[in-house]
Amino acid sequence: MTVPIGYLLPVVIAAWCTFFALVAPRRPQLVARASWFFGMVINEVPFLAIYLLTAATVMAVAQGDLDSTLAKIAAGVAVLTIAGLAVVAWRGVRSDRAVGEALHVGLGDDWRNRASASLRRHRPWGRILFIPWLRTRPDVVRIRNVSYGDAGRRNLLDLYRRRDAPQDSPVLIYFHGGGFSGGKKSREARPLLTRLASQGWVCVSANYRLRPEVTFPDHQIDAKKVVAWVREHGAAYGADPSRLFVSGSSAGANLAGLCALTPNDPRFQPGFESADTSVSGAILLYGFYGRYFGEEPAGPPPELQPQGFVRGETPPIFVAHGTNDGWGTVEGARDFVARLRRAGDNTVVYAELPGGQHSFDVFHSARFEAVVDGAEAFASWVLDGSRSVWPASRSPGRAVAGPVTPGAPAPG
(Lines give C-alpha, C1' and ligand atoms only; values in the text may rest on other atoms or scores of the structure.)
Protein backbone atom coordinates (compact mmCIF):
# COMPACT_ATOMS: atom_id res chain seq x y z
CA MET A 1 0.00 0.00 0.00
CA THR A 2 1.35 3.42 -0.90
CA VAL A 3 1.13 6.43 1.34
CA PRO A 4 -2.07 8.45 0.67
CA ILE A 5 -1.52 11.90 -0.79
CA GLY A 6 -3.90 13.27 1.85
CA TYR A 7 -1.29 12.38 4.47
CA LEU A 8 1.94 12.88 2.53
CA LEU A 9 1.13 16.41 1.31
CA PRO A 10 0.54 18.07 4.73
CA VAL A 11 3.61 16.30 6.11
CA VAL A 12 5.84 17.62 3.32
CA ILE A 13 4.44 21.16 3.53
CA ALA A 14 4.70 21.29 7.33
CA ALA A 15 8.25 19.89 7.31
CA TRP A 16 9.37 22.39 4.66
CA CYS A 17 7.91 25.38 6.48
CA THR A 18 9.13 24.18 9.88
CA PHE A 19 12.68 24.00 8.57
CA PHE A 20 12.60 27.67 7.58
CA ALA A 21 10.94 28.66 10.86
CA LEU A 22 13.44 26.70 12.92
CA VAL A 23 16.69 27.37 11.07
CA ALA A 24 15.75 30.69 9.41
CA PRO A 25 18.89 31.27 7.31
CA ARG A 26 19.52 34.99 6.83
CA ARG A 27 22.19 34.81 4.10
CA PRO A 28 22.20 35.08 1.16
CA GLN A 29 19.41 37.60 0.74
CA LEU A 30 17.30 35.40 -1.55
CA VAL A 31 17.36 32.58 1.00
CA ALA A 32 16.48 35.03 3.77
CA ARG A 33 13.41 36.11 1.79
CA ALA A 34 12.43 32.46 1.29
CA SER A 35 12.91 31.90 5.01
CA TRP A 36 10.37 34.62 5.75
CA PHE A 37 7.91 33.54 3.06
CA PHE A 38 7.80 29.86 4.04
CA GLY A 39 8.45 30.11 7.78
CA MET A 40 6.61 33.21 9.01
CA VAL A 41 3.15 31.71 9.57
CA ILE A 42 4.30 28.49 11.22
CA ASN A 43 6.77 30.48 13.33
CA GLU A 44 3.86 32.34 14.92
CA VAL A 45 1.15 29.64 14.96
CA PRO A 46 3.08 26.37 15.45
CA PHE A 47 0.36 24.93 17.67
CA LEU A 48 -2.06 24.73 14.73
CA ALA A 49 0.51 22.81 12.68
CA ILE A 50 1.09 20.44 15.61
CA TYR A 51 -2.65 19.78 15.84
CA LEU A 52 -2.87 19.13 12.10
CA LEU A 53 0.08 16.74 11.90
CA THR A 54 -0.93 14.86 15.03
CA ALA A 55 -4.50 14.41 13.80
CA ALA A 56 -3.35 13.34 10.33
CA THR A 57 -0.91 10.78 11.73
CA VAL A 58 -3.43 9.33 14.18
CA MET A 59 -5.99 9.04 11.39
CA ALA A 60 -3.49 7.38 9.07
CA VAL A 61 -2.60 4.83 11.75
CA ALA A 62 -6.27 4.17 12.51
CA GLN A 63 -7.02 3.58 8.83
CA GLY A 64 -4.02 1.30 8.32
CA ASP A 65 -2.39 3.63 5.82
CA LEU A 66 1.14 3.31 7.19
CA ASP A 67 2.00 -0.17 5.98
CA SER A 68 4.37 0.82 3.19
CA THR A 69 7.97 1.89 3.67
CA LEU A 70 7.25 5.33 2.19
CA ALA A 71 4.32 5.78 4.56
CA LYS A 72 6.48 4.90 7.54
CA ILE A 73 9.12 7.36 6.39
CA ALA A 74 6.40 10.02 6.12
CA ALA A 75 5.26 9.23 9.64
CA GLY A 76 8.84 9.56 10.88
CA VAL A 77 9.15 12.93 9.16
CA ALA A 78 5.88 13.97 10.80
CA VAL A 79 7.22 13.06 14.24
CA LEU A 80 10.47 14.96 13.64
CA THR A 81 8.50 17.94 12.34
CA ILE A 82 6.32 17.95 15.45
CA ALA A 83 9.49 17.97 17.56
CA GLY A 84 10.78 20.94 15.55
CA LEU A 85 7.46 22.70 15.95
CA ALA A 86 7.68 22.18 19.70
CA VAL A 87 11.01 24.05 19.67
CA VAL A 88 9.48 26.84 17.58
CA ALA A 89 6.53 27.05 19.97
CA TRP A 90 8.82 27.14 23.01
CA ARG A 91 10.74 30.09 21.58
CA GLY A 92 7.49 31.98 21.16
CA VAL A 93 6.20 31.09 24.62
CA ARG A 94 9.42 32.24 26.27
CA SER A 95 9.37 35.63 24.54
CA ASP A 96 7.93 36.99 27.76
CA ARG A 97 11.37 36.57 29.33
CA ALA A 98 13.01 38.72 26.67
CA VAL A 99 10.30 41.38 27.00
CA GLY A 100 10.42 41.35 30.80
CA GLU A 101 14.20 41.72 30.83
CA ALA A 102 13.96 44.57 28.31
CA LEU A 103 11.51 46.43 30.57
CA HIS A 104 13.73 45.79 33.58
CA VAL A 105 16.80 47.14 31.78
CA GLY A 106 15.10 50.06 30.07
CA LEU A 107 12.71 51.26 32.78
CA GLY A 108 14.32 50.15 36.01
CA ASP A 109 13.69 47.54 38.67
CA ASP A 110 10.39 49.08 39.79
CA TRP A 111 8.82 49.47 36.35
CA ARG A 112 5.79 47.37 37.26
CA ASN A 113 4.99 49.49 40.30
CA ARG A 114 5.20 52.66 38.23
CA ALA A 115 2.86 51.44 35.47
CA SER A 116 -0.63 52.45 36.52
CA ALA A 117 -2.60 50.50 33.91
CA SER A 118 -4.34 47.24 34.79
CA LEU A 119 -1.74 45.06 33.10
CA ARG A 120 -2.97 41.55 32.47
CA ARG A 121 -1.33 38.79 34.46
CA HIS A 122 -1.46 36.14 31.73
CA ARG A 123 -1.49 36.07 27.97
CA PRO A 124 -4.81 35.11 26.30
CA TRP A 125 -4.00 31.44 25.85
CA GLY A 126 -7.41 30.55 24.45
CA ARG A 127 -6.83 32.81 21.47
CA ILE A 128 -3.19 31.86 21.12
CA LEU A 129 -3.85 28.12 21.08
CA PHE A 130 -7.10 27.92 19.14
CA ILE A 131 -8.10 31.15 17.32
CA PRO A 132 -4.89 33.14 16.71
CA TRP A 133 -6.34 34.65 13.52
CA LEU A 134 -9.15 36.46 15.38
CA ARG A 135 -9.04 40.16 14.45
CA THR A 136 -11.89 41.68 16.45
CA ARG A 137 -13.03 42.11 20.04
CA PRO A 138 -16.66 42.44 21.10
CA ASP A 139 -15.95 45.50 23.23
CA VAL A 140 -14.09 47.40 20.47
CA VAL A 141 -15.60 49.27 17.54
CA ARG A 142 -13.69 50.13 14.36
CA ILE A 143 -14.52 53.39 12.58
CA ARG A 144 -13.36 52.87 9.01
CA ASN A 145 -11.98 55.06 6.24
CA VAL A 146 -11.78 58.50 7.79
CA SER A 147 -9.98 60.95 5.48
CA TYR A 148 -6.99 62.89 6.80
CA GLY A 149 -5.60 64.23 3.49
CA ASP A 150 -6.24 64.71 -0.20
CA ALA A 151 -4.60 61.53 -1.59
CA GLY A 152 -7.75 59.42 -1.78
CA ARG A 153 -7.62 55.93 -0.26
CA ARG A 154 -3.93 56.35 0.56
CA ASN A 155 -4.92 59.12 2.98
CA LEU A 156 -7.53 57.16 4.90
CA LEU A 157 -7.33 55.98 8.50
CA ASP A 158 -9.29 53.66 10.79
CA LEU A 159 -10.00 54.39 14.44
CA TYR A 160 -10.42 51.74 17.13
CA ARG A 161 -12.07 52.60 20.44
CA ARG A 162 -14.06 50.93 23.14
CA ARG A 163 -17.81 50.70 22.47
CA ASP A 164 -18.67 52.83 25.49
CA ALA A 165 -16.54 55.63 23.95
CA PRO A 166 -14.54 56.82 26.98
CA GLN A 167 -13.27 60.40 26.81
CA ASP A 168 -9.78 61.87 27.27
CA SER A 169 -8.19 58.62 26.09
CA PRO A 170 -4.49 58.25 25.25
CA VAL A 171 -3.78 57.74 21.54
CA LEU A 172 -1.71 55.25 19.55
CA ILE A 173 -1.09 56.00 15.86
CA TYR A 174 0.07 53.00 13.82
CA PHE A 175 1.71 52.80 10.36
CA HIS A 176 1.72 49.54 8.40
CA GLY A 177 4.68 47.86 6.75
CA GLY A 178 5.21 46.92 3.12
CA GLY A 179 8.56 48.33 2.02
CA PHE A 180 7.00 51.74 1.22
CA SER A 181 5.53 49.98 -1.83
CA GLY A 182 2.59 47.99 -0.44
CA GLY A 183 0.54 47.19 2.61
CA LYS A 184 -2.61 48.62 4.13
CA LYS A 185 -3.96 49.87 7.43
CA SER A 186 -5.93 46.73 8.32
CA ARG A 187 -3.22 44.08 7.94
CA GLU A 188 -0.80 44.08 10.87
CA ALA A 189 -0.71 44.74 14.62
CA ARG A 190 -4.43 44.22 15.12
CA PRO A 191 -3.87 42.41 18.46
CA LEU A 192 -2.05 45.52 19.73
CA LEU A 193 -4.65 47.97 18.42
CA THR A 194 -7.66 46.06 19.76
CA ARG A 195 -5.99 45.32 23.10
CA LEU A 196 -5.22 48.98 23.79
CA ALA A 197 -8.63 50.07 22.51
CA SER A 198 -10.30 47.64 24.94
CA GLN A 199 -8.28 49.29 27.71
CA GLY A 200 -9.67 52.72 26.88
CA TRP A 201 -7.24 53.97 24.24
CA VAL A 202 -8.10 55.48 20.88
CA CYS A 203 -5.99 53.69 18.27
CA VAL A 204 -5.48 55.01 14.75
CA SER A 205 -4.17 52.90 11.85
CA ALA A 206 -3.39 54.87 8.71
CA ASN A 207 -2.62 54.33 5.05
CA TYR A 208 0.00 56.54 3.42
CA ARG A 209 1.19 57.17 -0.14
CA LEU A 210 3.44 54.50 -1.64
CA ARG A 211 6.11 53.97 -4.25
CA PRO A 212 6.37 54.29 -7.20
CA GLU A 213 3.81 57.11 -7.27
CA VAL A 214 5.75 58.97 -4.58
CA THR A 215 9.09 58.70 -2.85
CA PHE A 216 10.77 60.00 0.30
CA PRO A 217 9.83 62.28 2.05
CA ASP A 218 6.20 61.96 0.87
CA HIS A 219 5.54 58.90 3.06
CA GLN A 220 6.90 60.83 6.04
CA ILE A 221 4.81 63.91 5.25
CA ASP A 222 1.70 61.72 5.31
CA ALA A 223 2.72 60.27 8.66
CA LYS A 224 3.08 63.79 10.04
CA LYS A 225 -0.32 64.67 8.61
CA VAL A 226 -1.86 61.86 10.63
CA VAL A 227 -0.32 63.23 13.83
CA ALA A 228 -1.56 66.72 12.97
CA TRP A 229 -5.03 65.35 12.17
CA VAL A 230 -5.26 63.63 15.54
CA ARG A 231 -4.15 66.83 17.25
CA GLU A 232 -6.96 68.72 15.54
CA HIS A 233 -9.79 66.17 15.36
CA GLY A 234 -8.98 63.47 17.90
CA ALA A 235 -11.09 64.95 20.69
CA ALA A 236 -14.24 64.30 18.62
CA TYR A 237 -13.49 60.57 18.97
CA GLY A 238 -12.66 60.71 22.69
CA ALA A 239 -8.91 61.12 22.25
CA ASP A 240 -6.57 63.20 24.38
CA PRO A 241 -3.93 64.33 21.84
CA SER A 242 -1.59 65.47 24.62
CA ARG A 243 -0.93 61.75 25.28
CA LEU A 244 0.01 60.50 21.85
CA PHE A 245 2.25 57.60 20.81
CA VAL A 246 3.36 56.58 17.32
CA SER A 247 3.96 53.00 16.27
CA GLY A 248 4.68 50.99 13.16
CA SER A 249 5.92 47.74 11.69
CA SER A 250 8.87 47.37 9.30
CA ALA A 251 8.73 50.40 6.97
CA GLY A 252 6.01 51.76 9.26
CA ALA A 253 8.47 51.61 12.16
CA ASN A 254 10.81 53.74 10.05
CA LEU A 255 8.02 56.31 9.68
CA ALA A 256 7.07 56.19 13.36
CA GLY A 257 10.70 56.48 14.43
CA LEU A 258 11.22 59.57 12.29
CA CYS A 259 7.98 61.06 13.65
CA ALA A 260 9.33 60.60 17.16
CA LEU A 261 12.74 62.07 16.32
CA THR A 262 11.57 65.09 14.27
CA PRO A 263 8.85 66.91 16.24
CA ASN A 264 7.58 70.00 14.40
CA ASP A 265 10.28 69.69 11.73
CA PRO A 266 9.13 71.94 8.83
CA ARG A 267 10.90 69.73 6.27
CA PHE A 268 8.19 67.13 6.84
CA GLN A 269 5.28 69.53 7.33
CA PRO A 270 4.89 71.54 4.12
CA GLY A 271 1.73 73.58 4.35
CA PHE A 272 1.12 72.68 7.98
CA GLU A 273 4.35 73.89 9.56
CA SER A 274 2.54 75.31 12.59
CA ALA A 275 0.94 71.97 13.54
CA ASP A 276 2.21 70.32 16.71
CA THR A 277 3.62 66.91 15.75
CA SER A 278 5.44 66.11 19.00
CA VAL A 279 4.71 62.73 20.56
CA SER A 280 4.87 61.10 23.98
CA GLY A 281 6.72 58.00 22.80
CA ALA A 282 7.19 55.44 20.04
CA ILE A 283 6.66 51.68 19.72
CA LEU A 284 8.68 50.20 16.84
CA LEU A 285 8.18 46.62 15.64
CA TYR A 286 10.71 44.76 13.45
CA GLY A 287 11.71 48.05 11.91
CA PHE A 288 13.89 48.88 8.95
CA TYR A 289 16.55 51.32 10.19
CA GLY A 290 18.92 51.57 7.23
CA ARG A 291 19.09 53.86 4.22
CA TYR A 292 15.90 54.46 2.30
CA PHE A 293 15.67 51.48 -0.07
CA GLY A 294 19.21 50.52 0.84
CA GLU A 295 20.70 53.28 -1.30
CA GLU A 296 24.44 53.79 -1.12
CA PRO A 297 26.23 57.09 -0.36
CA ALA A 298 25.62 58.26 -3.94
CA GLY A 299 21.90 58.26 -3.13
CA PRO A 300 20.03 60.21 -0.42
CA PRO A 301 22.12 61.77 2.34
CA PRO A 302 22.49 59.98 5.69
CA GLU A 303 19.80 62.09 7.39
CA LEU A 304 17.14 60.19 5.44
CA GLN A 305 17.56 57.23 7.76
CA PRO A 306 16.23 57.42 11.34
CA GLN A 307 19.72 57.27 12.80
CA GLY A 308 20.62 60.58 11.18
CA PHE A 309 18.02 62.34 13.36
CA VAL A 310 19.17 60.89 16.67
CA ARG A 311 20.57 63.97 18.36
CA GLY A 312 20.52 64.32 22.12
CA GLU A 313 17.38 63.51 24.04
CA THR A 314 14.56 61.61 22.38
CA PRO A 315 11.06 60.63 23.48
CA PRO A 316 10.82 57.22 25.19
CA ILE A 317 11.11 54.48 22.58
CA PHE A 318 10.18 50.78 22.70
CA VAL A 319 11.85 48.58 20.06
CA ALA A 320 11.03 44.91 19.44
CA HIS A 321 12.93 42.84 16.88
CA GLY A 322 13.36 39.15 16.12
CA THR A 323 16.74 37.44 15.93
CA ASN A 324 15.71 35.55 12.76
CA ASP A 325 14.40 38.55 10.83
CA GLY A 326 15.17 38.12 7.14
CA TRP A 327 14.19 41.64 6.01
CA GLY A 328 15.18 44.26 8.57
CA THR A 329 18.14 42.65 10.28
CA VAL A 330 18.53 42.38 14.03
CA GLU A 331 21.97 43.98 13.65
CA GLY A 332 20.29 47.08 12.26
CA ALA A 333 17.94 47.21 15.24
CA ARG A 334 20.86 46.84 17.67
CA ASP A 335 22.72 49.65 15.96
CA PHE A 336 19.69 51.97 16.08
CA VAL A 337 19.16 51.26 19.78
CA ALA A 338 22.85 51.81 20.52
CA ARG A 339 22.73 55.19 18.77
CA LEU A 340 19.69 56.21 20.78
CA ARG A 341 21.37 55.29 24.04
CA ARG A 342 24.65 56.98 23.18
CA ALA A 343 22.92 60.21 22.17
CA GLY A 344 21.72 61.26 25.60
CA ASP A 345 19.80 60.49 28.77
CA ASN A 346 17.14 58.55 26.87
CA THR A 347 14.55 55.96 27.88
CA VAL A 348 14.93 53.05 25.47
CA VAL A 349 13.42 49.58 25.85
CA TYR A 350 14.84 46.98 23.47
CA ALA A 351 13.25 43.54 23.35
CA GLU A 352 15.20 41.10 21.19
CA LEU A 353 12.94 38.13 20.51
CA PRO A 354 14.63 34.71 20.12
CA GLY A 355 13.47 33.05 16.92
CA GLY A 356 11.34 36.04 15.92
CA GLN A 357 10.86 36.57 12.18
CA HIS A 358 9.58 39.57 10.23
CA SER A 359 5.78 40.12 10.45
CA PHE A 360 5.43 38.60 13.91
CA ASP A 361 2.47 40.91 14.64
CA VAL A 362 -0.13 39.41 12.29
CA PHE A 363 -1.54 36.78 14.69
CA HIS A 364 -2.45 36.45 18.34
CA SER A 365 0.74 34.44 18.79
CA ALA A 366 2.51 33.76 22.07
CA ARG A 367 5.37 35.95 20.87
CA PHE A 368 3.33 38.96 19.81
CA GLU A 369 1.05 38.84 22.83
CA ALA A 370 4.18 39.08 24.99
CA VAL A 371 5.22 42.13 22.94
CA VAL A 372 1.71 43.61 23.31
CA ASP A 373 2.00 43.27 27.08
CA GLY A 374 5.43 44.88 27.01
CA ALA A 375 4.27 47.77 24.82
CA GLU A 376 1.28 48.38 27.09
CA ALA A 377 3.50 48.36 30.17
CA PHE A 378 5.96 50.74 28.49
CA ALA A 379 3.22 53.19 27.47
CA SER A 380 1.66 53.04 30.92
CA TRP A 381 5.04 53.73 32.53
CA VAL A 382 5.56 56.74 30.29
CA LEU A 383 2.11 58.18 31.00
CA ASP A 384 2.21 57.42 34.71
CA GLY A 385 5.49 59.30 35.02
CA SER A 386 3.90 62.52 33.73
CA ARG A 387 5.91 62.27 30.53
CA SER A 388 2.90 63.27 28.44
CA VAL A 389 4.70 65.24 25.70
CA TRP A 390 8.35 65.13 24.73
CA PRO A 391 10.56 66.78 25.74
CA ALA A 392 9.70 66.30 29.40
CA SER A 393 11.30 64.88 32.53
CA ARG A 394 12.05 61.19 32.35
CA SER A 395 14.01 58.53 34.15
CA PRO A 396 17.23 57.44 32.47
CA GLY A 397 17.36 54.31 30.39
CA ARG A 398 20.24 51.91 30.84
CA ALA A 399 22.25 50.38 28.06
CA VAL A 400 22.70 46.67 27.56
CA ALA A 401 25.71 44.89 26.19
CA GLY A 402 25.57 43.44 22.73
CA PRO A 403 27.10 43.58 19.29
CA VAL A 404 26.56 46.71 17.24
CA THR A 405 26.56 46.25 13.47
CA PRO A 406 25.23 48.84 11.07
CA GLY A 407 22.22 48.72 8.86
CA ALA A 408 19.93 46.39 7.04
CA PRO A 409 19.89 45.57 3.35
CA ALA A 410 16.39 46.77 2.40
CA PRO A 411 13.11 47.81 3.92
CA GLY A 412 10.34 45.31 4.52
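User: In which helix is the place of Y51?

Analyst: The model is a predicted one. Its protein chain holds 12 helices and 8 strands. Residues 46–62 make up one of these helices, and Y51 lies in that range. The element asked for is helix 3.

User: Is Y51 buried or exposed, or in between?

Analyst: Buried residues have under 20% relative accessible area and exposed ones over 50%. The relative accessible area of Y51 is 33%, so Y51 counts as partly exposed.

User: Which residues form a nonpolar patch on the surface together with Y51?

Analyst: Membership requires over 30% relative accessible area, and Y51 has 33%. The patch as a whole has about 420 Å² of accessible area. Besides Y51, its members are F130, I131 and W133.

User: What percentage of the residues of the protein chain count as buried?

Analyst: The accessible surface of the chain comes to about 16,200 Å², with 60% of that area belonging to carbon and sulfur atoms. Among contacts with a separation of 6 or more, 79% join residues 24 or more positions apart. Of the 412 residues, the buried share is 57%.

User: How many contacts beyond near neighbours in sequence does the stretch 387–412 have in the model, given a pLDDT below 50?

Analyst: For the chain, the mean pLDDT is 87, and 89% of residues reach 70 or more. Residues 296–300 have a pLDDT below 50, with 4 contacts beyond near neighbours in sequence. Residues 387–412 also have a pLDDT below 50, and their number of such contacts is 88.

Key:
Residues numbered from 1 in each chain as written. Predicted model: local features only at pLDDT ≥ 70, side-chain atom pairs only at ≥ 80, totals over all residues. Heavy atoms only, no water. Patch = residues over 30% accessible without salt bridge, like charges linked within 9 Å, V, L, I, M, F, W, Y side chains within 5 Å. Areas by Shrake-Rupley, 256 points an atom, 1.4 Å probe, with all protein chains shown as cover. Salt bridge = Lys/Arg side-chain N within 4 Å of Asp/Glu carboxyl O. Helix = DSSP H or I, 4+ residues; strand = E, 2+ residues; numbered from the N terminus. Buried < 20%, exposed > 50% of the residue type's maximum accessible area, 1.4 Å probe, protein only. pLDDT = per-residue confidence, 0-100. Contact = heavy atoms within 4.5 Å.
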